[in-house]
Amino acid sequence: MTTSTAKKAGLSPAKSAFWAGVRDGAPFILMAGPFATLFGVVATDAGLTLAQAMGFTVLVIAGAAQFAAVQLMVENASIAFVLLAALAVNLRMAMYSASLVPYLGSAPLWKRACIAYLNFDQTYITSVARYEARPEMPVPERVAYFFGVATPITPLWFGMTLVGILAGKAIPEAWALDFILPIMFLAMVAPMLKSLAHIAAAGMSMIVALALVDLPAGTGLLIAAGAAMVTGALVEIWMEGRAK
Amino acid sequence: MNYSTTEIWLIILIMGIGTFLIRFSFLGMIGDRPMPSFVLRLLRFTPVAVLPGMVAPLVLWPAATDGQTDPVRLLAAGMTVLVSFWTRNALWGILAGAVTFYGAIGVIDLLPMLR
């Protein structure tokens with residue numbers, strides 16, 4: 001069971017999987033830090049109290065949806081509309097949830113519940129890339145790895161929101177922090193383009209998302225993702241047919 | 001903002017519960033029951049189906065420039081994809097993108113002074 005590297009380090013396989021997760025999650029500090037700070041600033045500007053802004057960050061723990069909700073609250077939208085729009089932004093996570101089932105479905109229910117709470121873009125894509133690369137990884141190690149990835153990101157997300165609330169407008173716009181997020185996501189997804197089917201799926205996702213960009217929060221992305229998955233599957237089936 | 005304190009907390013609580021339920025949905029309900037193979041095939045494309053669509057509008061029509069396409073951001077995004085694709089390593093891609101982005105901003109800031 002024990003891998004040779006884990007034996008050398010005197011760690012159990014689950015522990016070494018956890019630390020591998022911590023190592024792979026650490027770079028996201030670069031993105032989560034500024035993004036969380038920005039949320040603290042925006043939420044305070046909008047008129048939320050410290051407790052409310054922190055409540056958002058700890059209970060919802062999904063940056064894009066939090067920004068969407070606060071934006072609509074500033075515009076005094078109806079409560080139902082705020083909720084619908086912000087939750088629509090998070091619907092992509094239902095796809096993440098489904099895609100983790102083959103890897104983590106047999107883990108104990110309480111661990112799956114903890115993973116669900118921590119299942120955001122960074123933890124999801126980092127973990128699923130590892131699971132794909134190492135199909136032989138046992139389920140307890142997969143769970144430990146997921147928690148490892150979340151470990152450097154989550155406390156920082158909470159802490160830097162607090163810094164943003166307290167620091168207020170002291171963060172200059174010239175830092176152009178807005179572009180850290182796209183760069184991180186692009187860098188994460190490009191290594192996963194490992195076949196023509198994956199490239200076709202990514203291309204379809206971009207085309208449909210750009211065409212539907214004016215649809216209300218998140219819905220264009222959902223349609224784009226659905227079309228992209230079907231495209232990827234069809235191209236893969238076509239390639240398998242040709243290979244025979 | 002004219003919501004009462006109760007209303008604000010209601011929004012936060014429902015968003016928190018709703019977001020958790022979305023994330024728990026399949027992983028929580030299906031558990032280790034087998035899924036049909038065509039569903040598994042679709043799901044294996046989830047990362048490459050969601051993230052490019054999420055990022056494309058941010059790259060082409062960035063909020064920071066009020067939706068105007070910005071050559072610097074396009075270039076930085078292109079470098080990020082190229083480098084992380086070739087090296088198969090996200091960190092190198094992030095580094096290449098950041099250096100391109102802040103490097104280009106720096107050069108553009110310096111140009112008027114050189115004239």
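**Salt bridges and their surroundings**

Guide: Let's start with Lys194(A) and Glu132(A), whose side chains meet in a salt bridge at 2.2 Å from N to O. Please keep in mind that this is a predicted model. The two partners are 62 residues apart and link distant parts of the chain: Glu132(A) belongs to helix α9 of chain A, while Lys194(A) is in the loop between α11 (180–189) and α12 (196–211). How covered are they? Buried means under 20% relative accessible area and exposed over 50%. Lys194(A) has 48%, so it is partly exposed, and Glu132(A), with 21%, is therefore partly exposed as well. Over all chains, the structure holds eight salt bridges.

Another of the bridges joins Glu236(A) to Arg41(B), with the closest N and O atoms 2.7 Å apart. This pair crosses between chains, running from helix α13 (residues 219–243) of chain A to helix α2 (residues 37–43) of chain B. Glu236(A) and Arg41(B) are both buried.

Arg41(B) also meets the side chain of Glu240(A) in a salt bridge, at 3.1 Å from N to O. Here too the contact goes from helix α13 of chain A, which holds Glu240(A), to helix α2 of chain B, which holds Arg41(B). The cover on the two ends can be read from their accessibilities: Glu240(A) has a relative accessible area of 38%, so it counts as partly exposed, whereas Arg41(B) has 19% and is therefore buried. Shared partners then join Glu236(A), Glu240(A), Arg41(B) and Arg44(B) into one network of salt bridges.

Now back to α9 of chain A, where aromatic rings come into the picture. Over all chains the count comes to 11 aromatic pairs. In one of them, Tyr96(A) and Tyr124(A) are stacked, with 4.0 Å from centre to centre and 5° between the planes. Tyr96(A) is in helix α7 (residues 92–104) of chain A and Tyr124(A) in helix α9 (residues 121–133), 28 residues apart, and the pair links distant parts of the chain. Tyr96(A) and Tyr124(A) are both buried. Tyr103(A) and Tyr131(A) make another pair: their ring centres are 5.3 Å apart and their planes lie at 45°, which means the pair is tilted. With a relative accessible area of 15%, Tyr103(A) is buried; Tyr131(A) is buried at 0%.

The charged end of Arg142(A) sits over the Tyr131(A) ring, 5.9 Å from its centre. Chain B has a contact of this kind in which Arg88(B) lies over the face of Phe85(B), at 4.7 Å from the ring centre. Elsewhere in chain A, one aromatic cluster is formed by Phe35(A), Phe39(A), Phe56(A), Phe67(A) and Trp157(A).

Which elements carry the nonpolar surface patch? Helix α4 (50–60) of chain A and α1 (5–30) of chain B each supply at least two of its residues, and α1(B) gives the largest share, with six. The patch has about 660 Å² of accessible area together, and among its members are Val58(A), Leu59(A), Trp9(B) and Leu21(B). Leu59(A), found in helix α4 of chain A, counts as partly exposed because its relative accessibility is 37%.

Ile61(A) is buried, at 3% relative accessible area. Asp66(B), also not a glycine, has a positive phi of about 55° and lies in the loop between α3 (46–60) and α4 (71–87) of chain B. In contrast to the buried Ile61(A), Asp66(B) counts as exposed, at 72% relative accessibility.

Finally, a note from the record on chain B: an unreviewed UniProt entry lists residues 6–30, 42–64 and 90–111 as "transmembrane region". In the model, residues 6–30 are 100% helix, and the C-alpha atoms at the ends lie 35 Å apart. Residues 90–111 are likewise 100% helix, with 31 Å between the end C-alpha atoms.

Methods. Residues numbered from 1 in each chain as written. Chains lettered and ligands numbered in written order. Predicted model: local features only at pLDDT ≥ 70, side-chain atom pairs only at ≥ 80, totals over all residues. Heavy atoms only, no water. Phe/Tyr/Trp six-rings, centres within 6.5 Å; stacked < 30°, edge-to-face > 60°. Helix = DSSP H or I, 4+ residues; strand = E, 2+ residues; numbered from the N terminus. Buried < 20%, exposed > 50% of the residue type's maximum accessible area, 1.4 Å probe, protein only. Lys NZ or Arg CZ within 6 Å of the ring centre and 35° of its normal. UniProt positions renumbered as here; feature names shortened; annotations may be inferred. Patch = residues over 30% accessible without salt bridge, like charges linked within 9 Å, V, L, I, M, F, W, Y side chains within 5 Å. Areas by Shrake-Rupley, 256 points an atom, 1.4 Å probe, with all protein chains shown as cover. Salt bridge = Lys/Arg side-chain N within 4 Å of Asp/Glu carboxyl O.
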